[in-house]
Amino acid sequence: MRVVVDLAVCQGYAQCAFLAPDAFRLSGPEGLMYDPGPDDEARDRIQRAAAACPVQAISVELPEAAAAAAGDSHG
Amino acid sequence: MANTGGAERIVIVGASLAGLRAAEALRQHGFSGTLTIIGEEDAPPYDRPPLSKQVLTGWIPAGHAELARLGPLDGVRWQLGTPAAGLDRDAKEVVLADGSRVPYDKVLIATGVRNRPWPQADEAALDGVCGVRTQADAARLAGLLDAGPRRVVVIGAGFTGSEIASACRHRGIDVTVVERGEAPLAAALGGVVGDIAARLHRDNGVDLRCDVTVTGLHGSGGRLAGAALSDGSEVPAEVAVIALGAVRNTEWLAGSGLAAGPLGVSADAGCRAIDVGGLVTDDVFVAGDVARFAHALFGYQYLALEHWENAVVGARVAAHNMICPTARRRPHACVPTFWSVQFDVNIKSAGVPALAEEIIMTHGSPEDASFAAAYGDADGRIVAAVTFNHGRYLDYYRRLIEQAAPLPDPVGEGLPGKPEPARFPHPAGSYHGPSVIVTGHSPTEMTAVAVPAGRSAR
């Protein structure tokens, strides 16, 4: 699955790092590092992290968008 | 009828952050015509900020940086793997490097920037010499770092170079950073903040050499062995990372009649491209790092911004303006914002530091690299702010910048209480450039040197 965080919006509240520590970590007191391509099995934790973000900086790609991406016409 | 603004065929040149977000916005706004995205690389759009941070520390593989798709992309035609080689505005066609042509009613230029190459091609070809711009670059450097080199030399102490040095120290690898200017980040944030960044490097064990240039890279059996510096010293190193800033990908537009050159592709405040005569086009739009656009908040000076946020917001404004009724067009006028994480410090900035004369520390403790500071122009108005591990304060300053408010007084205890010169170096004096480049008021200005406000080089 794919995740993107708007780090201009992120304020380092770190709710995500508590709820999905395999995908979100802090570097220092407020610098967010995250895995933009975590395993699909982490989806529930990541959805909870995105919902809990006080500034709503986390966007999660919907499964439909991922499926559509796989079927994009190339060439 | 679907919202098309008279366009049936839209072509986006550049398959990175700006290109992807523009495509999503076009479909979200109801554009149902033919939408083609042209990309030089084979890879689908990926995000660059993780490449110099979590990829280099070894946490995630470079392949994880593929960008999440945040909107509908129904029926988008992806033409990946062949770069655009020309724009034929008479025929209204994008010409690809293989000679094929893609017709458009409206086109978005989002070709971004590439790394400024090391000037000696034979030295750049040595095993162990690399840069970080693409996913492949980052995968290669991560592999070199995995092998546990005895020392890495980073050439250029801008944001990317500093992040690379930070990743090396995170792994416990010895690193030498060579910077031609007086301090890391000084071109982007001035010498006062540069001094704080220099301490940050040294406190984290970086061998930082400023006011020095690399005069040569030498190898043995085709492998990098070390770097020779202008002060006569030698740095033995198995890996050299070239972090000399960026070059705008505008060469393909030669002959198009657009005002495109080393400073970028000129555009009006609504992302419409400007031609060499200074006229605004109505079918060619520009977004992302390659754009040089008139900014409503800064006296309509043309700015070039190598910022993630600028690519996202600019792409959405361009997409909107491509297909909306003329009277509904919007300006791309948000305050530039930027962020970097290095040495466990979250650095954020808002506004245009390069317009500043002065800086005042307003919160926290500069000694501990934990502070907020505001930048003022010659008239005493706030034009920018920077925070080190004080990101929550930035929004306050962003609003002051939007209002062109007076430079604020310090709030924290124990701060000097007075502004001091911000000490921006001449842009030619650093390996790294400013990340907000102020390029003057002329829509067709195309000289290669960006001149900071108040320090004319001409």
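This is a predicted model: local features need pLDDT of at least 70, side-chain atom pairs count only at pLDDT 80 or more; totals for chains, interfaces and linings use all residues.
Let's start where the chains meet. Chain B contributes 28 residues to the contact and chain A contributes 25 residues. On the side of chain B that touches chain A, the elements giving two or more residues are β3 (77-80), β24 (337-342) and β25 (345-351) of chain B. Sorted by class, that side has 13 nonpolar, seven polar and eight charged residues.

Now turn to helix α6 (residues 308-323) of chain B. At 1.5 Å a residue, its 16 residues should span 22 Å, and the end C-alpha atoms are 24 Å apart, which agrees. The helix α6(B) is also mostly covered, since 16 of its 16 residues are buried.

One partner of α6(B) is helix α1 (residues 17-28) of chain B: the two pack at an angle of about 35 degrees, with their axes 8 Å apart. Their crossing is right-handed. Among the residues making this contact are Leu17(B), Ala18(B) and Arg21(B) of α1(B), and Trp308(B), Ala311(B) and Ala315(B) of α6(B). By class, the contact has 13 nonpolar, two polar and two charged residues.

Finally, have a look at two backbone details. Leu185(B) sits in the loop between β11 (174-179) and α5 (186-203) of chain B, and its phi is near 65 degrees, a positive value in a residue other than glycine. Leu185(B) counts as buried because it has 33 C-beta neighbours inside 10 Å, where 20 or more are needed. Cys271(B), in the loop between β19 (264-267) and β20 (272-274) of chain B, has a positive phi of about 75 degrees although it is not a glycine. With 29 other C-beta atoms within 10 Å, Cys271(B) is buried too.

Conventions
Residues are numbered from 1 along each chain as its sequence is written. Chains are lettered from A and ligands numbered from 1 in the order in which they are written. Two residues are in contact if their C-beta atoms, placed from the backbone, lie within 7 Å. Helices (H or I, at least four residues) and strands (E, at least two) are DSSP runs, numbered from the N terminus. Ala, Val, Leu, Ile, Met, Phe, Trp, Tyr, Cys and Pro count as nonpolar, Asp, Glu, Lys and Arg as charged, and the others, Gly among them, as polar. The expected span of a helix is 1.5 Å times one less than its number of residues. A residue is buried if 20 or more other C-beta atoms lie within 10 Å of its own, exposed if 12 or fewer, and partly exposed in between; C-beta atoms are placed from the backbone. Axes are lines fitted to C-alpha atoms, for helices over the stretch in contact, and angles run from 0 to 180 degrees between N-to-C directions. A crossing is left-handed if the near helix is turned anticlockwise from the far one by less than a right angle, and right-handed if clockwise.
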